[in-house]
Amino acid sequence: MSPPLQRVGMFGGAFDPPHRAHAVLARAAVEQLGLDRLYVFPTGQAWHKDRALTPAEHRLAMAKLAFAAIPAVQVDDRELERTGPTYSIDTLRELQAGHPAAQLYLLMGEDQAASFTRWHAWQDIAQLAVLAVAGRGSGEGVRALQALPGVRVHSLGLPQMPESATDIRARLTAGQDISALVEPAVARYIASHSLYTTA
């Protein structure tokens, strides 16, 4: 019987598509936080997105390809299977139930940190998990979190990486090369399924 996990991370996102910056963040979190496991959750019905996401089976397959080289990562489809809006608090509670002795860490970007108080049940999230923020950009998001009482924040050191899924989708629609922005296996998957070719 394997020992219980001590440090468990959660990394959610649309991953539409997953790109190199996502993998860099995951690897940095595993190394800098000493995570035993990092669960990656492609989002189901994202309550905060104003556009239709690429079908779930494609985003799940691409996420598995994008994070395959990071041993501690496990791509999990539970948010895709959930009906109704997807909320981070629900997934965190499930992780806590599955790993009651572990310290939970929730990964987020600087932009997400800046808007954290608009998240559903954000106070409950802050009680359950340490917020691990990708150190890209101005640092305003981290400072905003640190000003909230009772919120535990860990800033992850990351190189500046300009990749964004929005930019990658726009490049693909315009027929431009994305090979420098995503893992080769993800680029092959996108091409073989003709994803993002129309606006």
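**View 1. Phe67, a buried ring in the predicted model.** Phe67 has 2% relative accessibility in this predicted structure. Phe67 therefore counts as buried, since the cut-off is under 20%. Phe11 is buried too, with a relative accessible area of 5%.

View 2. The whole structure holds 6 aromatic pairs.

**View 3. The Phe116–Trp122 aromatic pair.** Phe116 and Trp122 are also edge-to-face. Here the values are 5.8 Å centre to centre and 70° between the planes. Both Phe116 and Trp122 are buried.

**View 4. The open sheet.** Its 6 strands follow the order β4-β2-β1-β6-β7-β8, with parallel pairing. β4 and β8 (153–157) are the edge strands, each pairing on one side only. From one strand to the next, the twist averages 25°. Inside the order, β1 and β6 (residues 103–108) run parallel and are joined by 4 bridges. Arg7 has Gln103 in β6 as its bridge partner.

**View 5. Helices across the sheet.** Helix α1 (residues 20–33) lies across β1, β2 (37–42), β4, β6, β7 (129–135) and β8. Its angle to β8 is about 120°. Helix α4 (residues 88–98) lies across β1, β2, β6 and β7. Helix α4 runs at about 155° to β1.

Conventions. Residues numbered from 1 in each chain as written. Predicted model: local features only at pLDDT ≥ 70, side-chain atom pairs only at ≥ 80, totals over all residues. Heavy atoms only, no water. Phe/Tyr/Trp six-rings, centres within 6.5 Å; stacked < 30°, edge-to-face > 60°. Buried < 20%, exposed > 50% of the residue type's maximum accessible area, 1.4 Å probe, protein only. Pairing = 2+ DSSP bridges. Helix = DSSP H or I, 4+ residues; strand = E, 2+ residues; numbered from the N terminus. Axes fitted to C-alpha atoms, helices over the stretch in contact; angles between N-to-C directions. Contact = heavy atoms within 4.5 Å.
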